[in-house]
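I opened my notebook to write down what I looked up in this structure, one topic at a time.

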Amino acid sequence: MDTFVVQGGNPLVGTIRVSGAKNSALPCMAAAILTEEPITLENIPQVRDISTERRLLQSMGAEVEIGSGETAHSTTISCRTLSDPVAKYEIVKTMRASSLVLGPLIARTGMARVAMPGGCAIGGRPIDLHIKGLEKMGATITQEHGYIEARADRLRGAHFVFDKITVTGTEDLLMAAVLADGETVMENCAREPEVVDLASLLVTMGANIEGAGTATIRVSGVSKLRGARYRINPDRIEAGTFLIAGAITGGDLIVSHCNTSHLGAVIAKLLEAGARVEVLGPDTVRVRSNGRLAAADISTEEYPGFPTDMQAQYMALATQAEGTSLVRENIFENRFMHVQELVRMGAGIKVDGKTATVLGPARLSAAAVMCSDLRASASLVLAALVAEGETIIDRVYHMDRGYEQIDEKLRSVGAKIQRLGNLFPPRPSA
Ligand code: UD1
C-alpha cells in the first residue's frame, strides 16, 4: 500500500491541469454496452476506478483497447458480444458505481446479474431507486445469493418520479430508457454535469433525449444505437480540490483544462472565504490568497449546490479560516470520517449529527494519518500542505481511485509530496 509523505508550508504557485471526470467516464464506459459498435472515449482519467470498470466490462466479454503515448487517455470499447452479462462481486465490492451496468445490460441483452454493492465507507448507499425504475419499465427483478437478477424481453417506456435525487440512478435508468419501447419520462432527476455528459454521448450514439441537466428527462426509445467518439468533460471535483489547494497554501494557482461553468458553488464559497478567484476563460481559473481566510458555512446539496464530493476538502480549508464555519452534510450519512484525522493534526472540529462545527484558524501539525475514502484522502493532503512538519498519509489507494497522478501534479506547482511504497507492512502473525 502506497503512502504519501508531505512536508507542509509551501505556497502552491504555477499552472495545474485538470483531467477528465471520473464520474462521467464511468457511466460513459457503461454506455458502450448499449451497442455492438465500438465507442471511443477521449480524456479518460488514468485512475483506479477506471481500471476497475475496464476489468468489469472485459469480464463480460467486451474488448477494451487503451491508447498509448499521445492517445493514452483514450479508450475504445467494443461490446460486439457480451458472453457473460454478470457483474461479479469481486469487482462490484471495490466500486459501487459498478451498479451502472444494470440498466444497459438489461436493455441490450434482456438480462443482467449484478452483485449487490456492499456497505460503503460513506453510508449505506442503496440502489433501491435503480431497481424501482427498472421494474416500472417492465423488468422482473429477483435478489438471491447477494446478486440482483433482472430480466425483460424488451423494456418499455414508463413515467416515474425519483423519490430522492440520485446521480447514478438517473444515469442507470437513462441508459435503460434509450433502448426501451416507447417514451420514458423521468422526474426529479439529478442535474449533475455528469448526467449531461452521459446524455450527450447517448445522443451521439443515436438516442433521443430531451431535458438532461434539468429535473425532467424525456426519452423516446430507439431499437438500436451506433458507435461513437466522445470527449469526456473535465473533472469538476479535481478542479475544486486544486482551487482549495491554492487558497489554503496562500498560493497563486492557475487551474487549467477545467470547465469553469461547473465550478460556481465552489468559487462562490472561496470568494466568501476571502480568496481571490478570477475566471480567466471557459476552461481556466486563477486562485490567489495571502493565507488569511475567513470562516464561511457550507451545506452540501445536489448540483448546482455545493457538492458533497467537495465537503471534506472544504473542511480542511475551514480549519485555516478565522472564525467558526458550519459544515452541513445533507447527501450522505457518515461522511465525516476525515474529521478524526484532521483533529489528530490539531484541527478544532466537533460533529453533531449532520453538522460539523469548525473553529479556526488552527495550527496544524504533522501526524501519521489514514485515508478512509476518496474525498477524505484529498482533505488530508490539503491539511498536510499547511501543517508544520512531515505528515505521513497512509492508504492513498483511496485517493488513486479518483485523482490522476495527484502527487506529481501537486509537486509540479511546488508541493513537497513524495509517494513511498509500503511504509506499514502488516505485522507477521505470531
Ligand atoms: C454519485 C457520485 C458520488 C457523489 C454522489 C452525490 C458517481 C460514480 N458517484 O454517487 O461521487 O458523491 O453522486 O453527488 O457518480 N440513494 C438511495 N437509493 C438509491 C440511490 C441513492 O437512497 O437507489 C441515496 C443515497 O444513499 C444518497 C443519495 O441518494 O443518500 C444520493 O446518492 P447518489 O446520488 O445515488 O450517489 P451515487 O450516484 O452513488
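The entries below go from the domains to a pocket, then to a helix and some strands.

**Entry 1: the domains.** I noted before anything else that this is a predicted model, and I then looked up how the protein is divided. The assignment gives domain 1, made of 3-19 + 234-420, and domain 2, which covers 22-231. I found that the C-alpha centres of domain 1 and domain 2 lie 30 Å apart. Where the two domains are in contact, domain 1 contributes 24 residues and domain 2 contributes 19 residues.

**Entry 2: the second largest pocket.** Why does the second largest pocket lie between domain 1 and domain 2? I checked its lining and saw that both domain 1 and domain 2 give residues to it, so the pocket lies between them. The volume of this pocket is about 280 Å³. I listed 16 residues in the lining, and those nearest the centre of the pocket are R17, V18, S19, G20 and N43. Sorted by kind, the lining of the second largest pocket has 4 nonpolar, 7 polar and 5 charged residues.

**Entry 3: helix 4.** Is helix 4, residues 102-109, mostly covered or mostly uncovered? I found it mostly covered, since 6 of its 8 residues are buried, and I wrote down the buried ones as L102, G103, P104, L105, I106 and A107. I then asked what covers these buried residues of helix 4. The helices that I noted among the covering elements are helix 1 (22-31), helix 5 (128-136) and helix 6 (167-177), and the strands that I noted include strand 6 (86-87), strand 7 (111-115) and strand 9 (147-151). Just after helix 4 comes G110, for which I recorded a positive phi of about 80 degrees.

**Entry 4: strand 22 and its partners.** I followed strand 22, residues 355-360, to the strands it pairs with, and one of them is strand 20, residues 321-328, which runs antiparallel to strand 22 and is joined to it by 6 bridges. In this pairing L326 stands opposite T357 of strand 22. I also looked at strand 21, residues 348-352, which pairs with strand 22 over 5 bridges, again in the antiparallel sense. Which residue of strand 22 is the bridge partner of D352? I found that T355 is the partner of D352. Strand 21 and strand 22 form a hairpin, with 2 residues between them, and in the turn of this hairpin I noted that G353 has a positive phi of about 60 degrees.

Methods:
Residues are numbered from 1 along each chain as its sequence is written. This is a predicted model: local features need pLDDT of at least 70, side-chain atom pairs count only at pLDDT 80 or more; totals for chains, interfaces and linings use all residues. Side-chain values use heavy atoms; hydrogens and water are left out. On a 1 Å grid over the protein atoms alone, a cavity is a set of points where a 1.4 Å probe fits but cannot get out, and a pocket is an open set with protein on both sides within 12 Å along at least five of seven lines; lining residues have an atom within 4 Å of a point. Grid points are joined across faces, edges and corners, and a volume is the space filled by probe spheres set on the points. Ala, Val, Leu, Ile, Met, Phe, Trp, Tyr, Cys and Pro count as nonpolar, Asp, Glu, Lys and Arg as charged, and the others, Gly among them, as polar. Domain bounds come from an automatic or database domain assignment. Buried means under 20% relative accessible area, exposed over 50%, partly exposed in between (1.4 Å probe, protein chains only). Helices (H or I, at least four residues) and strands (E, at least two) are DSSP runs, numbered from the N terminus. Contact means heavy atoms within 4.5 Å. Two strands pair if DSSP finds at least two bridges between them.
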